[in-house]
Amino acid sequence: MFRCGEEVVSEESEEESHGVNLMEFSDEILLHILSYVPCTDLVLNVRRTCRKLATLCLDKSLTHTVLLQKDYKANKDKVKQLMRDIGKEIYQLNMAGCYWLSSSTIDHVTKCKNLVKLNLSGCHVTSLRLSKMLSTLQHLRSLAIDVNPGFDASQLSSECKATLSRVSELKQTLYTPSYGVVPCCTSLEKLLLYFEILDRSREGFMLSGQLMVGESNVPHYQNLRIFYARLAPGYVNQEVVRLYLAVLSDRTPENLHAFLISAPGSFAETGATKNLLDSMARNVRLDALQLPKAWINGSGLLQHLKFNNPFYFSFSRCTLSGGHLIQRVINGGKDLKSLTSLNLSGCVHCLAPESLFRKAEDDIDSSILESLVVSCCNLRHLNLSAAHHHSSESLGNHLCQLLSRLKHLLSLALPVCSITDVAASVEKPPTAPNLVPQTFGRKVRIGIQTYPKNLGDQANQKIESSVFWALMGSLRFLETLEIIGSSFSSAMPRNEPAIRNSLPPCVRAQSVGDSEVAAISQLTYLQSLTLAQLPNILTGSGLISIGLQCQHLRTLSLANLGMMGKVVYMSALMDMLKHCKCLRDLRLEQPYFCAGAQFFQALSHCSSLQRLCIVSRSGTLQSDAVMSFMANCLEVIMCHMFMGESLTVCKNLQQSIVRSFQAERPALNVVIFPLLHEDLTEVIRDVPMRHLDEITLFKSRVAEEPPNLWW
């Protein structure tokens with residue numbers, strides 16, 4: 001600990017004075033250091049250490065914006081004291097996902113009279129409490145809230161509606177069919193809608209998405225610049241979003257420059273939506289675009305839409321061919337240096353000239369990818385997952401070689417079959433583990449190689465000419481990497497039972513294993529890593545290299561590595577975890593995973609770990625080991641385990657964790673439940689959206705949304 005305060009420094013001996021005293025740094029450096037400290041600690045603890053820090057901790061640069069969204073230690077007393085001490089100094093307050101704070105605690109936001117931006121997504125706020133709160137926030141211009149069952153806009157006071165009339169940015173997460181506060185927001189420029197409405201109520205009744213069209217305030221959309229809608233699976237979500245779109249189709253805002261709709265599955269185009277798109281083609285120039293696949297497939301829409309300086313495109317799951325992509329989006333090689341984010345996830349034909357009469361497994365046309373790379377040379381986020389992108393044997397035209405030209409990439413998602421060397425996959429015969437059927441049947445005993453303990457020996461095993469090794473070496477500043485099997489589907493459901501069978505991995509992916517994983521260790525600044533369905537993992541030796549070299553790793557997600565009947569990489573994973581001091585989120589999905597004492601002992605070395613999710617069909621756990629782990633790792637606030645244990649074992653363990661640790665950890669969220677139980681979907685609906693969306697449900701997150709969409 002540093003010695004702070006003039007009184008203390010003056011008493012130091014002459015020898016001690018030669019050491020580094022933090023208080024001797026300039027105010028600018030100290031403010032930069034303090035900016036990394038949670039605001040609750042600054043105001044309630046650090047401020048009380050000495051006179052100098054008492055002044056610096058209240059500097060406007062630190063109190064202007066307060067972020068509580070992942071301050072899991074911010075209990076009700078700390079939040080109340082924070083609002084009392086600096087409430088009037090706060091202009092931007094982010095409490096998104098503070099599900100553990102009661103409504104009465106959130107009421108103290110009313111002390112922040114000068115708030116301009118407020119995020120209450122995931123917080124417990126009723127219509128009446130929202131009305132009281134917003135009535136006092138007359139300077140508010142940006143608001144994010146949840147609309148839960150029971151929300152009643154008629155309970156909003158005239159003062160509240162006056163505040164809403166001045167709001168220009170609104171983010172609503174809808175858990176019930178409603179317009180929420182949109183009819184009151186007459187000056188909207190940015191509207192973000194997240195539809196999380198289930199088709200059935202808790203009581204089992206079918207819900208209807210019908211709303212009163214007259215409540216939608218048609219004229220109030222005319223200043224809209226950004227419209228974003230993200231739909232969870234379900235018919236009701238589609239019904240409700242159509243009502244919002246019907247308003248836009250009546251009169252399309254002339255200043256609209258970002259139009260984004262993310263919808264899973266089938267979302268059919270209607271006459272109203274076709275009119276809207278036709279109107280957009282005539283009247284607006286877009287900078288960001290995302291549409292449901294049915295709206296683009298087989299239409300000439302992209303040929304008519306006009307773009308200004310686009311920064312985000314998402315054609316996720318569309319059947320858009322590479323020829324159309326080049327001709328209609330980048331106009332045969334038009335300069336698109338402004339484009340920073342591109343999502344082509346699930347676009348199986350996007351790197352082929354035409355989609356007709358082409359098999360998904362056919363080789364890509366490297367000239368299409370080359371045109372894309374040349375035109376969009378400033379891409380920072382690129383998603384090519386959930387498709388088969390097989391390179392041909394032509395020298396210099398491998399997908400990895402072309403992507404290595406994108407020197408500004410910060411996040412990248414690729415299918416496993418795209419990173420294999422063509423010559424290696426053709427010449428190399430399948431190894432023994434790949435001859436084992438990829439099923440969930442009885443376990444097969446085979447000999448497993450031991451991974452090299454000496455990293456020098458491991459380095460000697462790598463293939464220097466590997467295109468994936470070269471790609472990883474050229475993207476040294478990459479922060480997020482996803483390598484996901486083109487056939488992979490998670491066993492963790494969204495709104496359906498967990499009974500899906502995983503498809504076998506792509507034949508081209510059969511040679512991808514430990515060497516490729518070791519190549520990732522070149523990414524010194526890597527913060528988030530996802531590996532799913534890598535069939536040739538024999539020992540997991542590459543994971544150790546990542547643990548040693550990628551010291552900034554904060555999020556790790558591993559799923560279905562190696563053979564399915566045995567967790568062949570367990571020993572290497574435990575060695576890896578001992579080095580992951582910055583790891584905060586860990587998600588493991590693997591059949592027959594044994595969450596036992598050795599695993600949790602290794603995991604206890606991850607001193608920064610906050611969230612753990614394990615999904616394992618036929619997996620087992622040791623209750624005593626879990627309890628010991630929770631007692632040793634004081635930062636853990638989320639423990640989700642969906643295994644093959646009985647309901648009784650799961651419930652008893654969950655209750656024990658909550659009873660033992662809830663008092664000291666206000667944000668603690670524990671769900672331990674049998675993966676194949678029929679009531680799993682009911683259990684999932686109670687998981688806080690922050691955890692459900694960020695870690696519990698498996699999905700590709702690269703270029704999922706435009707960068708800096710909200711906060």
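Q: Which residues point one way from S21, and which point the other way?

A: The model discussed here is predicted. In S21, Met638, His640 and Phe642 point one way, while Cys639, Met641 and Met643 point the other way. The residues of both groups are buried.

Q: Which strands pair with S21, and in what sense do they run?

A: Strand S19 (residues 611–615) pairs with S21 in the parallel sense over 5 bridges. Within that pairing, Cys613 stands opposite His640. Strand S22 (residues 669–674) is joined to S21 by 6 bridges, and these two strands also run parallel.

Q: Why is strand S13 described as largely enclosed by the rest of the structure?

A: A residue counts as buried when its relative accessible area is under 20%. In strand S13 (residues 411–415), 5 of the 5 residues are buried, so the strand is largely enclosed by the rest of the structure. Ser411, Ala413 and Pro415 point one way from S13, whereas Leu412 and Leu414 point the other way.

Q: How many bridges join S13 to strand S12, and how many join S13 to strand S14?

A: Strand S12 (residues 381–383) is joined to S13 by 3 bridges, and the two run parallel. Asn383 stands opposite Ala413 of S13. Strand S14 (residues 480–484) is joined to S13 by 5 bridges, again in a parallel arrangement. In S14, Ile484 is the bridge partner of Pro415.

Q: Are Asp85 and Arg47 buried or partly exposed?

A: Asp85 is partly exposed, at 31% relative accessibility. Arg47, at 18%, counts as buried.

Q: Where do the partners of the salt bridge between Asp107 and Arg129 lie?

A: The side chains of Asp107 and Arg129 meet at 2.2 Å, N to O. This pair links distant parts of the chain, with Asp107 in the loop between H7 and S3 and Arg129 in helix H8 (residues 127–135), 22 residues apart. Asp107 is buried, with 18% relative accessibility, whereas Arg129 is partly exposed at 30%.

Q: What separates Asp278 and Lys274 in helix H11?

A: The side chains of Asp278 and Lys274 form a salt bridge of 3.3 Å, N to O. The two residues are 4 residues apart in helix H11 (residues 271–283), which means a separation of about one helical turn. Asp278 is partly exposed, with a relative accessible area of 29%, and Lys274 is partly exposed at 44%.

Q: Which residues gather in a patch of positive charge on the surface?

A: Arg84, Lys88, Lys111 and Lys113 form this patch. Among them, Lys111 is located in the loop between helix H7 (103–106) and strand S3 (117–119). Lys111 is partly exposed, with a relative accessible area of 35%.

Q: Which residues have a positive phi of about 60 degrees although they are not glycines?

A: Ala386 has such a phi value. Ala386 is found in the loop between S12 and helix H16 (399–403), and it is partly exposed at 38% relative accessible area. Gln533 also has a positive phi of about 60 degrees without being a glycine. Gln533 lies in strand S15 (residues 528–534) and is buried, at 6% relative accessibility.

Terms used
Residues are numbered from 1 along each chain as its sequence is written. This is a predicted model: local features need pLDDT of at least 70, side-chain atom pairs count only at pLDDT 80 or more; totals for chains, interfaces and linings use all residues. Side-chain values use heavy atoms; hydrogens and water are left out. Buried means under 20% relative accessible area, exposed over 50%, partly exposed in between (1.4 Å probe, protein chains only). Two strands pair if DSSP finds at least two bridges between them. Patches are made of residues with over 30% relative accessible area and no salt bridge: like charges are joined within 9 Å, nonpolar side chains (Val, Leu, Ile, Met, Phe, Trp, Tyr) within 5 Å. Accessible areas come from the Shrake-Rupley method with a 1.4 Å probe; for residues, only the protein chains shown count as cover. A salt bridge is a side-chain nitrogen of Lys or Arg within 4 Å of a carboxyl oxygen of Asp or Glu. Lys and Arg count as positive and Asp and Glu as negative; His and the chain ends are not counted. The place of a charge is taken as NZ of Lys, CZ of Arg, CG of Asp or CD of Glu.
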